[in-house]
Each structure stands twice: as structure tokens, then as C-alpha cells.
Amino acid sequence: MAENHQPKRENRKGGPRRRRPGFQMRISTKYAPRKPVEGQARSCISDTSLKPEQMLELYRYLKLTRLVEERIVNLYRQTKVVGGVYRSLGQEATAVGSAYALRSDDFMTPIIRDLGAVFVKGVRPREILAQYMAKAWGPSGGKDLNVHFGYLDRGFIGPISHLGDMIPVMTGILLGARLQKKDIVGLAYIGDGGASTGAFYEGMNFAAVQRLPLIVIAEYNHYAYSTPTNMQTAVRNLAERAAAFGIPGYIVDGNDVIACYEVTKQAVDYARKGRGAVLIEAKTYRRKGHAEHDDQRYVPEGEIEYWEKHNDPIDRFEKFLLDQKVATKEKLEEITADVMREIDEDSEWAESSPMPEPEGAVFGVFDNSIVPPAFRPKILER
Ligand SMILES: Cc1ncc(C[n+]2csc(CCOP(=O)(O)OP(=O)(O)O)c2C)c(N)n1
Ligand SMILES: [Mg+2]
């Protein structure tokens with residue numbers, strides 16, 4: 001066997017580098033989906049550190065996500081939406097539960113099925129509704145659409161469309177934060193399709209080798225556009241890829257909001273202690289097409305109905321809250337009515353917003369101090 005001439009690696013303090021324990025090569029399935037008990041509707045895991053009021057907050061975020069998306073679809077059918085509408089119907093628990101495990105100064109970057117995480121980060125429905133309608137009062141002032149906006153000061157990085165690219169972006173943010181001696185973690189979402197891109201691998205690898213506090217939630221929702229996951233990757237579980245990076249991998253039941261919270265909380269604690277990156281695969285299901293225009297004719301008959309009837313994340317959480325006597329049916333109805341009130345109010349606000357002034361298109365796009373005068377739009381000189 002060839003001799004290994006590589007010098008012994010040292011850690012940052014100069015001592016010999018400790019070998020990472022072998023458990024990284026195993027995937028934790030503690031929070032993975034369980035087979036349902038015959039004749040019993042699915043619920044959520046009961047082993048949780050969440051307090052009752054936090055559970056009700058999670059319930060509120062789940063309902064808010066579903067009902068805001070329904071409102072956006074209504075507006076879309078009235079032709080008031082500019083661009084595409086992407087639903088997270090059936091996957092809401094993955095985004096809400098995982099984002100809830102973050103501290104308010106942590107960073108997050110969602111993708112198209114993570115509206116729930118955006119709400120947990122503190123964004124209000126009115127901002128989302130105005131953004132979808134490309135209104136002047138929306139967060140991008142009508143310059144961009146749907147999910148394409150962010151708030152750096154709130155640690156919410158707006159996604160770009162190129163699948164996979166937010167992984168190296170978040171990795172860079174975390175490297176910057178380390179240099180600034182901040183103890184924040186970064187949560188990045190990726191779809192099963194996006195997890196097959198080169199950018200995903202490069203970003204994950206860099207985060208792993210630098211032991212950056214990156215948590216990636218890979219959403220196994222069975223489709224990328226119309227391509228079933230098993231036709232675009234040969235691994236059965238996306239979490240298996242953690243072994244390629246030498247980091248811990250978890251599989252979580254993405255339709256169990258409590259499991260999503262607990263597994264992410266563990267990963268957040270691990271990452272914040274400086275132990276490095278974590279890959280979490282959430283098993284879930286996309287009940288709507290890629291976007292509203294997609295009629296899902298490629299989906300086998302009965303598949304959507306099965307998930308709707310037997311594995312809806314909100315139904316499961318309602319069952320849990322009622323069975324565990326965290327809330328009464330009336331309390332849950334009260335929360336839903338309150339969410340509806342907020343959406344009605346915010347829709348009215350967003351609809352009353354003007355469309356942007358055409359001149360606005362030149363502001364806030366480039367750093368105009370570095371755009372040579374010859375290329376600067378005349379309007380800026382006024
Ligand atoms: C690099 C790249 N390739 C292709 C596309 C076009 N595209 C946009 S969304 C999408 C499917 C994404 O599927 P997945 O990552 O599984 O996320 P999901 O829509 O299921 O949430 C594709 C192929 C893109 N935006 N970027
Ligand atoms: Mg997908």
C-alpha cells in the first residue's frame with residue numbers, strides 16, 4: 001500500500017487535530033416517519049421540549065401559511081398576481097417547525113415551499129401579498145416577484161432562482177460571521193431537485209471542512225417540476241449524502257411539525273457549539289403542482305388524495321393538540337379566525353397599494369456610486 005506522506009493536520013489552536021467520531025457516517029432516524037398504527041390517524045411525536053403556548057404559536061404559523069397561500073391563489077385567479085404562484089400545500093410543517101428552532105439573529109434562506117419559515121422570521125402577510133402583486137409598498141417595491149426578496153437586517157436572505165446556489169451563499173455568510181466572532185447559525189432550505197446540483201455539493205463540502213454552523217433542510221417532496229425524485233437521484237434518502245461530507249445526517253418526518261422543530265433544535269445546538277454542519281432530510285409531499293399553472297397530469301392517480309387524507313401536517317397537529325389537551329377545538333377555531341382577520345386586513349392594505357412608478361426601476365438596483373456616469377440612467381442625475 002502506498003505510504004501516506006500527508007503531514008499530520010493540526011487544529012486551529014495548533015494541537016493535533018482530533019478525529020471526528022464515527023457517528024457522522026450514520027444517519028439518525030429518531031425523527032423519521034413511523035408506520036401508522038392500523039386504523040389510527042397520524043399525529044405528532046409527543047417527546048418535546050415545546051411549551052403549550054409555543055405549540056399554539058406553531059399552529060398559528062401553519063394556518064397562516066396555508067391561508068395566505070389560498071388568498072394568493074384567489075388573487076391569482078383574479079389576475080391580480082404578477083408572475084407564478086408556488087404553494088407549499090402539504091409541506092408547511094417542514095418550514096415552520098425548522099425555522100422555529102432558530103434564534104432571532106440567526107440567518108435563514110428559504111426556497112419556494114418555505115413561506116412558513118418566512119413568517120416565523122417575522123415577515124407579515126401584507127408584505128407577501130404586496131410582493132406577489134408587484135406593488136410599490138411590497139418589500140421589493142415591485143422590482144421582483146413572489147419569493148424573491150429578503151431583509152439582511154432580519155437575517156432573512158432572499159433566494160435567487162438558481163437551484164443550489166443559496167448553499168454556498170449561506171456558507172459564505174457563516175464564514176463572514178465567524179470572522180466577525182458572531183455565534184449565529186445559518187439555515188438553508190433545498191429541494192430534492194436542487195440537492196442534485198453542483199453548487200449544493202460545493203457549498204456543503206466547504207461548510208463541512210470549515211466546520212461552519214450550516215444546517216441544510218433537504219425537502220424530499222417527491223417531485224422536481226414533473227420529475228419524480230427517484231428519476232433524478234440514485235440515493236433513497238438524501239440524508240445519505242451527509243457521509244460524503246463527513247457530517248451528521250438526519251431523516252425527519254417533514255409532516256410532523258414537532259419532529260421538525262426537535263431535530264432542527266438539536267442541529268442548531270450542535271452547530272452553535274462549533275461542531276460543524278448538519279444535513280437534515282425532511283420526508284414530505286408536494287400536493288400542488290410546481291406552480292399554479294401545473295395541472296399535475298404526471299402524478300399517479302390517488303397519490304395526492306392519499307397524502308391529503310392520511311398525512312396532512314395541519315390535521316396531524318390538530319389531532320395532537322386535541323389528544324394531548326393542549327387546546328380545545330374552540331381555541332383552534334379562535335386562532336384560525338384571528339389569522340383570517342389578519343389576512344383580510346392585510347389583503348386590503350396590499351390591494352390599496354399603488355403600482356410602482358416607472359422611474360423607481362432605476363433606484364436600488366445598482367450601487368450607483370460604482371456605475372460609471374456614462375451608464376447611469378439620466379433619471380438619477382435629477
Ligand atoms: C440550476 C437550475 N436548474 C433548473 C432550474 C429550473 N427549476 C426551477 S424550480 C425546479 C424544480 C425544483 O425542484 P426541487 O428542488 O425538488 O424543489 P421543489 O420545487 O420540489 O420544492 C427547476 C428544475 C433552476 N431554477 N435552476
Ligand atoms: Mg422537490
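Pro 313 is buried, since its relative accessible area is 0%, where buried stands for under 20% relative accessible area, exposed for over 50% and partly exposed for what lies in between, with a 1.4 Å probe and protein chains only. This is a predicted model, in which local features need pLDDT of at least 70 and side-chain atom pairs count only at pLDDT 80 or more, while totals for chains, interfaces and linings use all residues. Residues are numbered from 1 along each chain as its sequence is written, chains are lettered from A and ligands numbered from 1 in the order in which they are written, and side-chain values use heavy atoms, with hydrogens and water left out.

Pro 313 lies in helix α10 (residues 313–323); helices (H or I, at least four residues) and strands (E, at least two) are DSSP runs, numbered from the N terminus. Leaving aside residues up to four places away in sequence, Pro 313 touches Arg 66, Gly 90, Gln 91, Glu 92, Ala 93 and Asn 255, contact being heavy atoms within 4.5 Å. The C-alpha atoms of Pro 313 and Asn 255 are separated by 4.6 Å, although the two residues are 58 residues apart along the chain.

Turning to helix packing, the axes of helix α5 (residues 166–179) and α6 come within 7 Å and cross at roughly 20°, the axes being lines fitted to C-alpha atoms, for helices over the stretch in contact, and the angles running from 0 to 180 degrees between N-to-C directions. That makes α5 roughly parallel to α6, because angles under 35 degrees count as roughly parallel, over 145 as roughly antiparallel, 65 to 115 as roughly perpendicular and the rest as oblique. In this contact Ile 167, Pro 168, Thr 171 and Leu 175 of α5 meet Ala 199, Phe 200, Gly 203, Met 204, Phe 206 and Ala 207 of α6.

The magnesium ion (ligand 2) is coordinated by Asp 192 (OD), Asn 221 (OD1) and Tyr 223 (O) at 2.1 to 2.3 Å; donors are N, O and S atoms within 2.8 Å of the metal (3.2 Å for Na, K and Ca), and sites may look incomplete because water is not among the atoms. Asp 192, in the loop between β3 (186–191) and α6 (198–209), and Asn 221, in the loop between β4 (214–220) and β5 (223–224), are 29 residues apart, and both are buried.
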